[in-house]
Amino acid sequence: MGIKGLNKLLTEQAPLASRSSDIKTFFGRKVAIDASMCLYQFLIAVRQQDGQQLTSEDGETTSHLMGMFYRTLRMIDYSIKPVYVFDGKPPILKGSELDKRLARRDEATKSADAIRETGTAEEIAKFERRTVRVTREQNEEAKKLLELMGIPYVNAPCEAEAQCAVLAKAGKVYAAASEDMDTLCYKTPFLLRHLTFSEQRKEPIQEIDIEKVLEGLDMDQKQFVDLCILLGCDYCDSIKGVGPVTALKLIKEHGTIEGVIKHVESNPDSKYKVPEEWPYEGARELFLNPDVLDPKDIELKWKEPNEEGLIKYMVVEKGFSEDRIRTGIKRLQKGLKTGTQGRLDGFFKVAPKTPEQLAAAKKKRAAEEAAKKKNKKTKRK
């Protein structure tokens with residue numbers, strides 16, 4: 001679900017925080033991608049002409065593999081190095097949202113069953129898309145494909161978006177890529193949206209700079225997280241009747257959710273009612289201190305693709321065209337072997353922003369100073 005109304009709010013209140021760019025703008029970048037979100041997109045979007053999902057001869061769904069293979073190739077063609085991050089166990093607080101999604105999916109399944117009797121192919125496909133979910137088997141199939149392609153992936157202990165953000169904060173990658181705006185709550189330096197859309201969508205990539213978001217809203221990260229909780233997130237309900245404009249106004253005036261609650265409850269004429277047993281503190285903790293792997297322990301390597309392994313898996317087992325897969329392998333080999341071109345910003349010293357980058361820069365400067373002093377002593381001798 002992400003954060004309700006956040007993108008529109010940022011467009012109005014922090015217009016300089018977002019820009020639209022072509023995919024070629026990101027050549028030479030490493031990007032951490034929310035794999036689970038991608039697979040969901042592929043299962044919905046990659047379809048046959050009759051609106052049905054792609055399947056193998058055995059009737060197994062292969063839309064997710066088609067999407068993962070070709071969208072990854074598209075990025076490699078532009079010298080973008082992707083690393084995919086898969087969801088782990090969802091936090092307990094997310095259980096309520098997952099239950100709601102399951103109920104909506106069950107309802108959509110019933111509607112789809114009913115409409116199959118009288119509906120058109122387009123109407124049937126519309127309802128079937130609402131029943132889509134990514135299975136454990138499909139996740140494992142995607143991981144096997146990535147391994148054969150030579151593309152790294154990470155199994156997050158919890159939320160994939162949080163792990164993507166941490167990789168970006170640590171400088172392991174340039175940005176986190178996801179459609180969920182809640183990725184900003186984990187303070188990724190940059191969020192890329194629409195990166196894995198197909199070329200047919202003609203949708204520009206949206207790049208959001210978290211520092212410019214905070215500057216435009218005139219608040220710190222903790223206040224921003226509180227704002228997002230008030231807007232509505234996956235972890236808890238919001239205050240009923242509080243929309244984006246009101247949520248921003250309340251946080252600006254009262255500083256924190258605690259301040260907002262005190263204001264609402266001390267005003268008997270207030271039209272807002274705080275939910276009973278509202279777990280906003282737990283939601284805040286999940287955003288500010290997420291369960292993630294230490295990026296220092298994660299090594300990202302892009303390897304030569306396993307040509308014969310890909311042919312066996314994608315052609316023999318999954319029924320894809322051999323000519324197309326071999327053509328894709330050549331694109332992979334060329335893109336990964338060529339390496340990334342030097343970016344213009346690589347010729348300039350960019351001021352570090354993250355604690356890790358600041359510490360590394362300080363250590364480097366100290367080493368340079370020590371080397372200079374050593375050289376001076378050597379010359380005097």
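The legends below describe close-up views of a predicted model.

Residues are numbered from 1 along each chain as its sequence is written, and side-chain values use heavy atoms, with hydrogens and water left out. Because the model is predicted, local features need pLDDT of at least 70 and side-chain atom pairs count only at pLDDT 80 or more, while totals for chains, interfaces and linings use all residues.

**View 1. The open sheet of seven strands.** The strand order is S1-S7-S6-S5-S2-S3-S4, with mixed pairing. Strands (E, at least two residues) and helices (H or I, at least four residues) are DSSP runs, numbered from the N terminus; two strands pair if DSSP finds at least two bridges between them. At the edges are strand S1 (18-21) and strand S4 (153-155), each of which pairs on one side only. On average, neighbouring strands of this sheet are turned by 25° against each other, direction ignored. Axes are lines fitted to C-alpha atoms, for helices over the stretch in contact, and angles run from 0 to 180 degrees between N-to-C directions.

**View 2. Strand S3 and its partners.** S2 and S3 pair in the parallel sense over five bridges, and S3 and S4, also parallel, are joined by three bridges. Tyr84 in S3 is the bridge partner of Ile33. Towards S4, Val85 stands opposite Val154, and Phe86 has Asn155 as its bridge partner. In a regular strand, side chains alternate between the two faces of the sheet. Both faces of S3 are covered: Lys81, Val83 and Val85 are buried on one side, and Pro82, Tyr84 and Phe86 on the other. Buried means under 20% relative accessible area, exposed over 50% and partly exposed in between (1.4 Å probe, protein chains only).

View 3. Ser79 is in the loop between helix H3 (63-77) and strand S3 (81-86). Ser79 counts as buried because its relative accessibility is 16%. The C-alpha atoms of Ser79 and Phe26 are separated by 8.1 Å, although the two residues are 53 residues apart along the chain.

**View 4. The largest nonpolar core.** A nonpolar core is a set of buried Ala, Val, Leu, Ile, Met, Phe, Trp, Tyr and Cys residues joined through side-chain atoms within 4.5 Å. Of the 54 residues in the largest one, Tyr84, Leu145, Leu195 and Met314 touch the most other members. H3 supplies the largest share of this core, six residues. Leu145 touches Leu65, Met68, Phe69, Leu310, Tyr313 and Met314, not counting residues up to four places away in sequence; contact means heavy atoms within 4.5 Å. Another core, of 45 residues, lies apart from it and has Ile3, Met181, Ile239 and Tyr272 among its members.

**View 5. Helix H9 and its surroundings.** Helix H9 (residues 221-231) is mostly covered, with nine of its 11 residues buried. Among these buried residues are Phe224, Val225, Asp226 and Leu227. The buried residues of H9 pack against helix H1 (6-13), helix H8 (210-217), helix H10 (244-254), helix H11 (257-265) and helix H12 (280-288). At the N-terminal end, Asp220 caps H9, with a side-chain oxygen 3.2 Å from the backbone nitrogen of Lys222. After H9 comes Gly232, whose phi is positive, near 120°.

Conventions:
Polar contact = N/O pair within 3.5 Å; in protein donor to acceptor, adjacent residues only side chain to side chain.
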